[in-house]
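Colleague: Could you walk me through this one? I'd like to know what stands behind each label.

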Amino acid sequence: MSSTRNCPCKMSQLPQKSPLASPLSEDTTSRGDNLPMESFWLEVENIKQSSEAEQEECALADVKTQEEGEAEAEWLQDAGLSDLIGDHGSESDNALLSTLTKTQAAAVQRRLDTYSRSRRRKNKPPVRDVRDIFGVVGSGETGKEKEEPSPDLLLHNLRTANVQKQSQDYSCTVRNPGKEEVFNMDIAYSEQAAVLLKGSFLPESKRIKDGNVLTKFKIPKGRLGVTRIGDLSAQDMKKIPTLALIELTALCDVLGFELKRNKAAKLKTTEKRLFGVPLNTLLENDQKLLPNTKVPLLLQALLSCLEKRGLETEGILRVSGSQTRIKSLEQKLERDFYSGLFRWDEVHQNDVSGLLKRFIRELPAPLLTAEYLPAFAAVQNIPDLKQRLQALNLLILILPEPNRNTLKALLEFLSKVVSRENNNKMNLWNVSTVMAPNLFMHKGLPNKIPEGKEKQLAEGAADVVRMMIHYQDLLWTVSSFLVAQVRKLNESNSKRYQFCDKRLKNLLRKIHADKDKVEKNQAEPSKVVKVHASLLLKDSLEVHLNNATRVADVLRQFQKNLCQNGWNIVNTVNLLKCNNSMECTNLLLYEVGGNIGEHCLDPDTYLLDLYHINPHAEWIIKQNPSYPRMF
C-alpha cells in the first residue's frame, strides 16, 4: 500500500521535461525503436500552466502512513473477507472462500499471515487460519500438495527471473507481431501463470514501435459462450470486483509483483455542477433528467461534439485550445448546460478537446480511482503482454461502475480518433501520449517522479493507455472462470449450510462433489424446455435441445414461428423485421434465476450445456436494449 502526502497547490511536482525525459537525448545506438514522447511532455506543460493560471489549492486531506497490518486488513475488507479478522469470527462457512482456486486461496492466506503477525506483536488474539475454513487439511489432495514447491519458493524464483528479464523499454510488448494468439479466459489467470512458472517457462517478449502490428488476441468461445460487461445483472456484477481483486492479487503474487494501492483521500466538496464534481453526484443529477443514464451527460455532449466536427481535425487532442477561452467556456457550461442554451456549434474543436481533458483532470478523484491508479501504472512492469492484459482486465472489473462506464465511453471515442489517423495525423501512440498525463496525473495525488525515471514512467503510462484503447473489447469481457465463481457463490449463499463438525462438512462436500460428477456423466443427450417471451407473446416457445442447439438457433426458430405461424403477439408495432436471412439481432435470450441473477447469453452458447450447469433457470427472450423500443 502506498501512502500519500499533501500535494502542492500548483501541481509543481508534475515531472518536468528534462534531458532525461527527452527521447532525443537518449543514446540512440542502444536501440533503434525510440518512441516519440514530445506530445506527453507538452501535455504535462499545458496541464501545469492551466493549474498555475488558476491558483487552485488541492484541498487534499492528510493521509497518514499505514501501520503494519493495516494494508492487509483493508485488502481483506475490500475482498469481502473482513469476517476472517474479526475478534469473534463465526465458524460458519464463508461462501466466498468456497469459490476460490488454489492460487487465490494462497493469496488470501498470505494476507492473513501478515495480518496475524502484526496482531501478535500488538498482543491481540490471532486470526483464524484460512486453511481451516477451506477444509484442505486432511483432504485427499494434501499429500500431493506437499510434494509441490512452496509458493514462497516459487515466488522467489520468479522475482529473480523477472529482475533479470525486465526491459527498460516500455513500448508495447508483442510476442508474435501481427499474428493471432489465444487469450484463455476459462482458467484463472493466476493458475495459468503458476503452470508456466512450474514448467520454468517465461514467455519471451520483444518490444516494437509500430502500433499497427500489435499482437492480435482471440478469446476462444467455449460451450457457454463469452460474457461481456453488461451481460450480467447488477446483482451479480456487484460480486465481480471482490473476486477480481482476489484474482489480481493472486496473479501479482505468482508474477512476483507488488499490488500497489493508495488509501482513498477525502476531498472538499465543490459548489459547481459539472466540473470538479464526483462521478456519482453527476450521474445522480443526470438521472433525474434522463433515468438510467450511465455516462455523465456533459461527457456525452463533449464526445458527441468532437465526433461530429473534430475527428477529421489535424492534431485533435494534441493541439491545445486557448486556456482563456476554455475557462470561459467552462463557466458558460456551468450556467447554461442543463438549460440547453449552450451553443456547441460556436465552439472550436480544439477548445472542446481541451474541455474534455479538463473534465477528466478536474474530477475530485482520478477516473482510474485513487486506490488503483498505482496498480494501473504498475501494469507496465509486467514483461509479457498477455499477462499485462490479464491484469488490466481484472483492474477494469474492479473499477466502480460509474468509472468503468465513463472510461469505456472515453476509450471508444479515442478509438474513433485513431481510426481517422490518415486525416487527423493522430495514430494510436500519439493519442496515448496525449491522454496519459490526463489519466495518470491528478492534483489530488502526489506526482513526484524518482530522479532518472521520468522517461521510463512516462512511456509506461502511455503504453497502458495504448493497451486500453487497442484491446478494449477484450478488457471489457468477464472471464468465464469469474462467471463460474459467481454461480458457485450464488449456490453457496442459497444453501447456507452451517455445521460445527469439520469432518462432517468435508464428508458432505465429498458426497456433493461425487454426486455432481455422476449427474454430469448421466446428463441427458437431449431435453425439451420452454422459452418465454412474456413482453412479446402470450405463448411460450417449446424448444428441443441437443448437443448442437445454440442460442442463435432458438432465436431464429422464434422469429420463424412469429413470421409464419401467426402466434398471439402482444404488440405487433415494429416487433420484428423478417427477411430472407432470418436475422434476429434485435432479440436476445436471457438466462434468469437458478445460480445466476440474469445473464444475457452469447448467440454461440450451447443451451444443453447451459441447462446442465443451471437446470433451475428460466430462459426469456427480450428486445436488444441497443435497438429502439418496440412499445
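This is a predicted model: local features need pLDDT of at least 70, side-chain atom pairs count only at pLDDT 80 or more; totals for chains, interfaces and linings use all residues.

Colleague: Why is the pair of Phe183 and Tyr189 called edge-to-face?

Modeller: Rings of Phe, Tyr and Trp (its six-membered ring) pair if their centres lie within 6.5 Å; planes under 30 degrees apart are stacked, over 60 edge-to-face, and the rest tilted. Phe183 and Tyr189 have ring centres 6.0 Å apart and planes at 75°, so edge-to-face is the label. Phe342 and Trp344 are edge-to-face too, with 4.7 Å between centres and 70° between planes.

Colleague: Are Phe183 and Tyr189 buried or exposed?

Modeller: Both are buried, as are Phe342 and Trp344. Buried means under 20% relative accessible area, exposed over 50%, and partly exposed in between (1.4 Å probe, protein chains only). Phe183 and Tyr189 also belong to one aromatic cluster with Phe217, Tyr471 and Phe481.

Colleague: What makes Arg223 a charge over the ring of Tyr606?

Modeller: The rule asks for NZ of Lys or CZ of Arg within 6 Å of the ring centre and within 35 degrees of the ring normal. The charged end of Arg223 sits over the Tyr606 ring, 3.8 Å from its centre. Lys408 lies over the face of Trp476, at 5.6 Å from the ring centre.

Colleague: How do you know that Asp463 and Arg466 meet in a salt bridge?

Modeller: A salt bridge needs a side-chain nitrogen of Lys or Arg within 4 Å of a carboxyl oxygen of Asp or Glu. For Asp463 and Arg466 the N to O distance is 3.4 Å. Both lie in helix H19 (residues 454-470), three residues apart, about one turn of the helix. Asp463 counts as buried because its relative accessibility is 0%, and Arg466 is buried at 1%. Elsewhere, salt bridges that share partners join Lys221, Arg550, Asp553, Arg556, Asp602 and Asp604 into one network. The whole structure has 26 salt bridges.

Colleague: Why is Arg335 called exposed, and why is Asp336 called buried?

Modeller: Arg335 has a relative accessible area of 53%, so it is exposed; Asp336 has 15%, so it is buried. Their side chains meet in a salt bridge at 3.3 Å, N to O.

Colleague: How do you know that the span of helix H9 agrees with its 16 residues?

Modeller: Helices (H or I, at least four residues) and strands (E, at least two) are DSSP runs, numbered from the N terminus. The expected span is 1.5 Å times one less than the number of residues. For H9 (residues 240-255) that should be 22 Å, and the end C-alpha atoms are 22 Å apart, so the two agree. In H9, 15 of the 16 residues are buried, so the rest of the structure largely encloses it. Gly256 follows H9, with a positive phi near 80°.

Colleague: What makes E9 and E10 a strand pair?

Modeller: DSSP must find at least two bridges between two strands. E9 (residues 587-593) and E10 (residues 596-600) have four, in the antiparallel sense. Tyr590 has Cys600 in E10 as its bridge partner. Two residues separate the strands in this hairpin, where Gly594 takes a positive phi near 75°.

Key. Residues are numbered from 1 along each chain as its sequence is written. Side-chain values use heavy atoms; hydrogens and water are left out.
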